[in-house]
Structures are given as structure tokens and as C-alpha cells.
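Work through the exercises below with the model open. Each task is followed by a solution in steps.

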Amino acid sequence: MITRSLSGLARALAEREISSVELTRLYLDRIARLDSKFNAYITVDEEKSLAQAQAADGLLASGRGGPLTGIPLAQKDIFCAKGWLTTCGSKMLGNFVSPYDATVIEHFNAAGAVILGKTNMDEFAMGSSNETSHFGAVRNPWNTECVPGGSSGGSAAAVAALLAPAATGTDTGGSIRQPAAMCGLTGLKPTYGVVSRYGMIAFASSLDQGGPIARSAEDCALLLNAMAGFDERDSTSLDRPAENYARDLEKPLVGLKIGLPKEFFGEGCDPGVMKCIEEAIAEYRRLGAETVEISLPNMKLAVPAYYVIAPAEASSNLSRFDGVRYGYRAPEYADLNDMYSKTRAQGFGEEVKRRILIGTYVLSHGYYDAYYLQAQRIRRLIANDFVAAFNQCDVIMGPTSPTTAFRIGEKAADPVQMYLSDIYTIAVNLAGLPGMAVPAGLVGGLPVGLQLIGNYFSESRLLNVAHRYQQVTDWHLQHPAGLD
Amino acid sequence: MSLTLEQVRRVAQLARIDISDVEAENTLGHLNGIFSLIEEMQAVDTRGIEPMAHAQDLAQRLRSDEVTEVNRRDAYQAVAPETEAGLYLVPKVIE
């Protein structure tokens with residue numbers, strides 16, 4: 001049961017092979033028994049989950065179930081869920097029980113899905129290894145000495161360890177794709193504006209986008225069907241007709257034009273990872289696709305520009321955490337300013353403070369043009385590179401991450417090294433494009449993820465491209481050893 | 001370029017984050033490392049390039065000026081550190 005696809009689970013529920021309460025209990029028992037090894041969850045609330053499961057069983061019994069009714073899902077702890085502790089991985093929100101639902105949670109609730117728990121993450125989604133969480137590092141189920149990637153590391157570890165059938169994540173600079181790649185999963189970051197950000201705790205508002213982390217492209221399509229949609233409460237939500245993201249899954253890939261950016265295939269990528277990527281591309285050629293070399297000349301500027309833009313937006317977004325309206329307040333202080341300063345000094349972790357300071361600096365008088373405006377101009381150059389590239393190809397492919405999962409502690413002391421682990425994912429966020437990670441091999445027992453990048457709103461095409469590959473390969477079906 | 005300890009303290013003060021001398025020293029080292037990465041942008045000639053402020057070049061959507069939310073003050077204040085009679089309490093600002 002625990003290795004079935006979402007549609008397989010939906011079938012089992014529809015045919016009364018198992019009830020939602022039984023399925024939810026199965027996962028809750030696994031979490032209770034195994035999660036101390038991985039630390040994938042911050043909050044589990046059996047009572048709430050089972051109440052939702054019971055309601056789902058009622059819907060199923062009356063024939064009113066949909067594709068996700070009764071299926072338990074792990075929710076990244078960045079999504080506000082009414083009555084649930086919602087920490088965003090931070091001491092600052094360590095006591096925050098959300099009084100409302102994020103739109104994404106609302107959609108899943110309306111679909112009859114069950115919240116299995118809230119997953120661990122880098123604090124305020126700022127990190128690439130899940131080591132910045134106030135609630136401790138998450139361990140990679142493939143090798144517990146290694147990180148699961150970040151920032152959606154708890155979601156990825158939960159799915160990889162079979163502690164959830166699927167999960168949500170958010171991706172500001174690679175936070176869905178990189179942990180999916182490092183945990184052998186399929187992850188999708190949609191086009192900016194497709195999934196509502198309402199109730200998704202903000203890090204960098206012009207880059208943040210929610211999406212699914214699951215075991216297959218097909219599962220991702222089902223999840224995206226529930227997550228996507230216009231929301232007037234998010235001013236950047238796009239008002240577009242609803243789509244069935246699973247509609248093109250089976251389309252043949254004959255004639256597909258794959259762009260291979262020379263900047264993704266040069267130095268800087270681990271040779272073992274590169275070999276897997278090249279084998280995956282060879283598989284695509286066998287499926288009838290053609291490859292063309294392309295160039296994204298401003299690629300190398302993506303990390304520098306991102307580390308101006310994202311911290312600038314974060315410094316503004318995180319100013320709301322002041323100890324007045326919600327969350328942590330320092331126990332002792334002299335006056336109002338002292339209360340703000342002590343609350344923020346004690347409530348935020350080191351990496352979050354570092355990014356707030358970078359952001360405050362680049363937005364301050366005298367530096368705004370040199371840093372912030374320059375970064376925004378470079379962002380335009382990077383987006384233009386993709387526009388030009390998509391005149392030559394339908395989809396871009398390359399590695400998701402330059403290495404497999406690294407060891408816990410290996411990069412924690414050196415922010416620059418940590419930042420460079422997102423070198424292949426960040427440009428996609430700057431341009432606002434959709435991207436995926438798809439399992440494409442193992443190196444030294446650790447998963448490698450192929451990255452797919454599509455043009456704006458090409459999610460169903462990307463899912464199709466990933467799905468056809470998953471029909472002829474079994475990397476996505478492999479599990480870490482010793483999970484029972 | 002390279003930041004000074006004084007600038008780190010100043011920025012921390014602007015961001016309302018209390019910072020000890022030891023923390024300021026450590027932060028200075030890290031920030032200078034990060035800024036040496038960021039400085040790679042400065043070599044690029046971007047004259048005439050329109051800044052891209054957002055992932056979609058769209059105008060902000062407007063809505064009519066109507067009350068659309070119900071009053072949920074009690075629910076929202078239930079999670080506040082300190083309230084009284086529907087108000088948020090902070091240390092005294094005006095003597």
C-alpha cells in the first residue's frame with residue numbers, strides 16, 4: 001500500500017480495499033515508529049488527521065469522492081493551516097497556531113485530502129540543506145549522514161522514507177527541485193502565479209511559488225490540479241482558465257526539441273551526476289526527441305543577482321515579525337525599540353539574520369542603484385536568455401544540482417558554498433518559469449535529479465516529458481533500503 | 001568592496017536586530033564573502049536594460065474599494081503576545 005501511486009491509492013479507497021482512516025493510521029504509525037531517524041515532520045496531530053480521514057470516508061461512501069479524497073498528504077510547514085502549529089521552521093513562529101488556511105490548504109481540504117502533518121524545512125525557506133531549521137536538521141532517507149536538500153527537505157524526506165504518499169513544497173531558488181533531486185523524487189515548480197501564495201509564509205514574493213513533491217510526474221499532475229487556480233487574495237495570482245495538468249501525460253515525444261545549455265554541461269558538475277544526466281538524455285533520444293545545443297550566456301550571474309533580490313524582498317517581508325501581533329516576543333526589554341531588536345535577535349536564526357542584513361544593506365540609501373537595480377537589470381537579461389532559448393527548443397534539460405546530497409555539516413559554515421549548490425535552479429525562479437526535477441540515476445547510493453525547464457505555462461508539457469521517461473525507466477520507483 | 005564593522009552594526013540597527021560584538025565580527029566575515037560573490041554583477045554593462053521587478057510583467061490588479069473580509073479580530077488577536085480590550089499592547093512610547 002505505501003508504495004502505491006496517488007491514483008493507485010484513490011482506486012484502493014474507491015473500491016473499499018482500505019478506508020481513509022486506515023490509510024491515514026498506517027502512515028501515522030510509520031511516522032511514530034520511524035521519523036525519529038529522519039526528523040521530517042515538525043508537527044503531527046493524529047486527532048486532526050483522523051477527523052479529516054473520517055470525513056473523507058463519509059464522502060467516499062456517498063460516492064462524492066474526487067481523485068484526492070481520503071489521501072493523506074504532508075504539508076510543508078510554510079503553509080498556514082487553521083488550528084495547526086505553523087512554524088516555518090523558525091523559533092519566531094514556534095508558538096503560532098494559524099487562525100486561517102492558506103489557499104493551497106483550502107483547495108486540498110475541499111478535495112477531501114487529509115493533512116498528515118507539517119514538514120520540517122529550512123527556517124523561512126532560507127537554505128539548501130534543511131540545516132537552518134530551528135527544529136533540527138532533516139536526514140536523507142538514502143543516507144542519514146547526508147542532507148535531504150532544502151528548503152523543502154522535510155517534505156522530500158517524508159515522501160522518500162514512505163512517511164507520506166506525496167507532499168507540498170515551495171520553491172524560491174530551487175527549494176522543490178533540489179530536495180526532490182537529492183531524495184530521488186519528482187518535484188514541480190510551476191510558472192510564477194499559477195499557485196496562490198495566500199497563506200504561504202512569504203520569503204521573496206517575486207520568486208516564491210508552491211508546488212508538489214511526489215514519486216512520479218503523474219502524481220505531481222494530480223496534486224497540481226488541486227493546488228493551481230486563480231485567487232483574488234494573492235495580487236500576483238494569474239487569472240487563467242483551469243487546466244487538467246494530466247491531459248498530455250501520454251503524448252509521444254517524437255520530435256520533441258530538447259535544448260542543452262552549454263553552461264549546464266561545463267565545469268562545476270560532479271562527473272557521476274553528469275553521466276546520469278547524459279544517459280537520461282540518451283533515453284530521450286531513443287524516445288524520439290532531438291537535442292540542440294543552446295546558450296544561456298548570463299547564467300553565471302543568476303546566483304549573484306538572486307542573493308541581492310531574494311534578501312531584499314526577505315528583509316521587507318520579515319519586518320512583520322516584531323513581537324507585536326503574533327509569534328515570539330523576547331521575555332525582557334527596556335522599551336519598544338529594544339523589544340523589536342531583542343525579539344528579532346532571539347527569534348531568528350543565523351542564516352535568516354544574515355539575509356535580512358544583506359537585504360537591508362542593498363536597499364539602503366546609496367547602494368540601491370548599484371545592487372538592487374543592477375540585480376533587477378540582470379534578472380531581465382537572464383529572462384531574455386530563456387526567451388531566446390525557447391525559440392530553438394521546447395524544453396531545456398540539465399542537472400538539478402551539481403552534486404548528490406552532501407554530508408550534514410559539510411557546507412553549513414560557508415554560506416557561499418551553500419548558495420552555489422543552487423547554481424542550476426535559481427535562474428528559473430528569476431525568470432518565473434516552470435521547472436521539474438526527475439529521478440535519473442544513483443551515484444554512490446544517492447539519487448541524481450534531471451532538471452526540466454519549460455516555457456511559461458508549459459506545466460502539462462513538462463509533466464508529459466517527465467512521465468514518458470518514467471514509463472521507460474524505473475529510477476522513480478526505487479526506494480532507500482531499510483524503511484520497514 | 002568590503003564592509004566595515006561599523007556598517008554591519010548600522011545595518012543591524014536599521015533591521016532592528018540586536019547584535020553582539022562577537023556576532024558582528026562573524027557576520028562581517030560572512031557578509032564580505034557573500035558580497036564578493038554579488039560583486040560579479042558589477043562587471044556587466046546593463047545600460048538601457050529595463051529593471052525586472054517581478055516574474056510577470058503585469059500591472060497590479062485592482063479591485064473595487066469594498067469591504068470583503070469579515071471581522072476576525074478575536075481569532076487574530078488570540079495568537080498575539082499581549083492584548084487588552086481588542087488592542088495590541090507594546091511598551092509605552094510616549095511619556
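**Exercise 1.** Determine how the axes of H9(A) and H11(A) are arranged in this predicted model.

Solution. Two packed helices are described by the angle between their axes and the distance between the axes. Step one, distance: the axes of H9(A) and H11(A) come within 7 Å. Step two, angle: the two axes cross at roughly 100 degrees. Step three, class: angles of 65 to 115 degrees count as roughly perpendicular, so H9(A) is roughly perpendicular to H11(A).

**Exercise 2.** Find residues through which H9(A) and H11(A) meet, and sort the contact by class.

Solution. On H9(A), the residues are A:Tyr307, A:Val308, A:Pro311, A:Ala312, A:Ala314 and A:Ser315. Facing them from H11(A) are A:Arg355, A:Ile356, A:Ile358, A:Gly359, A:Thr360 and A:Val362. By class, this contact has eight nonpolar residues, three polar and one charged.

**Exercise 3.** Describe the side of chain A that touches chain B.

Solution. Begin with the count: 55 residues of chain A are in contact with 41 residues of chain B. Next, the elements of chain A that give two or more residues to this side are helices H9 (302-317), H10 (336-347), H11 (350-362), H12 (368-389) and H13 (415-420). H12(A) gives the most, with 11 residues. Last, the classes on this side of chain A are 31 nonpolar, 13 polar and 11 charged residues.

How values were computed
Residues are numbered from 1 along each chain as its sequence is written. Chains are lettered from A and ligands numbered from 1 in the order in which they are written. This is a predicted model: local features need pLDDT of at least 70, side-chain atom pairs count only at pLDDT 80 or more; totals for chains, interfaces and linings use all residues. Two residues are in contact if their C-beta atoms, placed from the backbone, lie within 7 Å. Helices (H or I, at least four residues) and strands (E, at least two) are DSSP runs, numbered from the N terminus. Ala, Val, Leu, Ile, Met, Phe, Trp, Tyr, Cys and Pro count as nonpolar, Asp, Glu, Lys and Arg as charged, and the others, Gly among them, as polar. Axes are lines fitted to C-alpha atoms, for helices over the stretch in contact, and angles run from 0 to 180 degrees between N-to-C directions. Angles under 35 degrees count as roughly parallel, over 145 as roughly antiparallel, 65 to 115 as roughly perpendicular and the rest as oblique.
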